[in-house]
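Dear colleague,

Please find below the structure that I am handing over to you. My notes on helix packing, the sheet and the aromatic residues follow it.

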Amino acid sequence: MARIWPFLQKEEGRTTDFSYGGVLMWVDFFNYDYAIVDDTLFIRGVVEDNRDIPAFSLPVGKLRFHEALKLIREYCEEQGITPEFSAVPEYALPEIEKCNPVKIEPLDHWSDYLYDARQLATLQGKKMSKKRNHVNQFVAHYPDWSYEPLTAANAGAVLEFMKHYKEEADDGFMSREENRLAEGLIKMIAEGDGVLRGGVLYNAPGEICAISIGDVKGDTLYVHVEKALREVIGSYEMVNKEFAAHQLSENPQILYINREDDGGDEGLRYAKESYHPVDLLKKYNIIF
């Protein structure tokens, strides 16, 4: 990550696929490899919605897309695979279309939800009244609540919280996998990772009820992990607000918060839409 993070920071979009945690959390799941050629980062993984098909991320760096594509074509010919790109952000399409792709296919379930950062941090305005009510209920039910950053000092307690959380979490494959990967990020924070940011919400002294983990790139906060106990009233809304507010206080340049995709899950879609996103960041699979 130390080698590729400077390249990721040069990428001009706001999709989570080029954020620090977005790569680090999913590196094994998507079989990421990388190469740096001519001051350009190439990442090879798999197609977002089919892990049996090898695919590339949008190259980032000095080379123009047509120059990078030439290198990828040569590589794919040697490997006997089709030149395919996955999770390509929409802003890159005009340059890519000049290279005559065979197919451009929207990834309908993988668009990222983008929010106004200050709106999430303050919950001001009429359309956020329901969220404010949930936060107020949390404060009323748990007057001794507190919030603090996730650090090496409390990471052990957070891992214990994850054991409790998993007891009531959904038991599907992706849910189990996402929980495992979230624990990996917690361990990286415990080991001193300096880019990941986390928050811990307590509903009483020593009782963790919610956590959040993300990172900051440019004017955007990326939220990769948000876990809360359903039994604790308002815990999701409270950790969402507190994490956003704390990160804005430390990084006043933040304008947006990317809360990632819904993966086609109706419940997640409803939850993400209820916070009134300002944009949906579309992504595409592209075949040459």
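Helices α7 and α8 are roughly antiparallel to each other (an angle over 145 degrees; under 35 would be roughly parallel, 65 to 115 roughly perpendicular and the rest oblique). Helix α7 (residues 155-168) packs against helix α8 (residues 173-190) at about 170°, and their axes are 9 Å apart. Axes here are lines fitted to C-alpha atoms, for helices over the stretch in contact, with angles from 0 to 180 degrees between N-to-C directions. Helices (H or I, at least four residues) and strands (E, at least two) are DSSP runs numbered from the N terminus. In α7, the residues that meet α8 include Val 158, Leu 159 and Met 162; among their counterparts in α8 are Ala 182 and Ile 186 (contact meaning heavy atoms within 4.5 Å).

The model is predicted: local features need pLDDT of at least 70 and side-chain atom pairs count only at pLDDT 80 or more, while totals for chains, interfaces and linings use all residues. Residues are numbered from 1 along each chain as its sequence is written, and side-chain values use heavy atoms, with hydrogens and water left out.

An open sheet of seven strands has the order β8-β9-β10-β11-β12-β7-β13, with mixed pairing (two strands pair if DSSP finds at least two bridges between them). Its edge strands, β8 (146-149) and β13 (279-281), each pair on one side only. From one strand to the next, the twist averages 30°. Strands β10 (residues 207-217) and β11 (residues 220-228) are joined in the antiparallel sense over eight bridges, and Ser 212 has Glu 226 in β11 as its bridge partner.

Turning to the aromatic residues, there are 14 aromatic pairs (ring centres of Phe, Tyr and Trp, the last by its six-membered ring, within 6.5 Å; planes under 30 degrees apart are stacked, over 60 edge-to-face and the rest tilted). Phe 85 and Phe 288 form an edge-to-face pair, because their planes stand at 80°, with the centres 5.8 Å apart. Since Phe 85 belongs to strand β5 (residues 84-89) and Phe 288 to the segment after β14 (283-287), the pair ties together parts 203 residues apart in sequence. Both Phe 85 and Phe 288 are buried (under 20% relative accessible area with a 1.4 Å probe, protein chains only; exposed is over 50%, partly exposed in between). The pair of Phe 138 and Tyr 142 is tilted, at 5.1 Å centre to centre and 50° between the planes.

Yours sincerely
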